[in-house]
Amino acid sequence: MRPIYLHLRWHTNSSEQRWIVRILFIVPIYGFYSWVSLLFFNSESYYVYFFTVRDCYEAFVIYSFLSLCYEYLGGEGNIMSEIRGKPIKSSCMYGTCCLSGKTYTIGFLRFFKQATLQFCIVKPIMAFVVIILQAFGKYRDGDWSPDGGYLYVTLVYNVSVSLALYGLFLFYFATRELLTPFEPILKFCTVKSIIFLSFWQGMLLILFSLNLSLLPHQ
C-alpha cells in the first residue's frame, strides 16, 4: 500500500501516475481475495463470486498497463511515426520468424493492441458466464466432463490468454528501444507473472490434483 500512498501524495504527473496507481491496486485486491477465499474455503458456492471480482480487475490491469505504455510513448500516433516503415526483425523468441522482410505498419500496431485488449473483454464475460453455469450446477473446477462448463471456459481462457501474451510480446519487441528510458522489462515481467502465469499455475495445480485422483488407492 505504501507505493500507492506515495503516488497519491506526490501526484506530479497525473497522466502517467493514474495508470500506475490502478495497476498497483492489484496487490491489495489479490491479498484481500486470498484472505476471503480462505474464510470460505469449504463453501464451493461462494468462491466463484470472488473469482469474478478478481478476474474483472485483472482485465482492467492489462488495459491500464497497455495505456501506461502508450502514455510513456506519447500515444498511438507518436508510436506509429517512430516505427512506421522499420523492418521487422526475425526472431523465434518473439514469434516473428515468419515476418521476415515485412515492415511495421498501422495494421501491425492495431493488431498488437487488439490482441491484448481482447483479453480485457473476454475475461470479464467468461467470469459472469461461470457465475451463470455455477447457478445451474454446470461448473466445477477440475471437472473436464464435456457435459460441464469448465472444459469450455478453460479452452476460451487459454486461447485468450495466449493471444494477449503474444500481443504484449510483439508490442514490446516493436517498441523496446523507445521504452528503454522507462525500464520496461521488469514491469512487463511483473504484469505477465501476476496475470498470465497465475492462470497457468492454477491450470497445472488442477491437472496435478486430477492425476492424483486417478492413481489407484491402496
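Where does UniProt place the feature "transmembrane region"? The unreviewed entry puts it at residues 20-41, 47-70, 115-137, 149-174 and 194-215. UniProt positions follow the numbering used here, feature names are shortened, and annotations may be inferred rather than shown by experiment.

This is a predicted model: local features need pLDDT of at least 70, side-chain atom pairs count only at pLDDT 80 or more, and totals for chains, interfaces and linings use all residues. Residues are numbered from 1 along each chain as its sequence is written, and side-chain values use heavy atoms, without hydrogens and water.

Take two of the annotated spans. Residues 115-137 are 91% helix and 0% strand, with end C-alpha atoms 32 Å apart. Residues 149-174 are 96% helix and 0% strand, and their end C-alpha atoms lie 38 Å apart. Helices are DSSP runs (H or I, at least four residues), and strands are runs of E (at least two), numbered from the N terminus.

Now the aromatic rings. The structure holds eight aromatic pairs. Rings of Phe, Tyr and Trp (its six-membered ring) pair if their centres lie within 6.5 Å; planes under 30 degrees apart count as stacked, over 60 as edge-to-face and the rest as tilted. Trp19, Tyr57, Phe60 and Tyr63 form one cluster.

Charges also sit over rings. The criterion is NZ of Lys or CZ of Arg within 6 Å of the ring centre and within 35 degrees of the ring normal. Arg22 lies over the face of Trp19, 4.7 Å from the ring centre. The charged end of Lys123 sits over the ring of Tyr157, at 5.7 Å from its centre.
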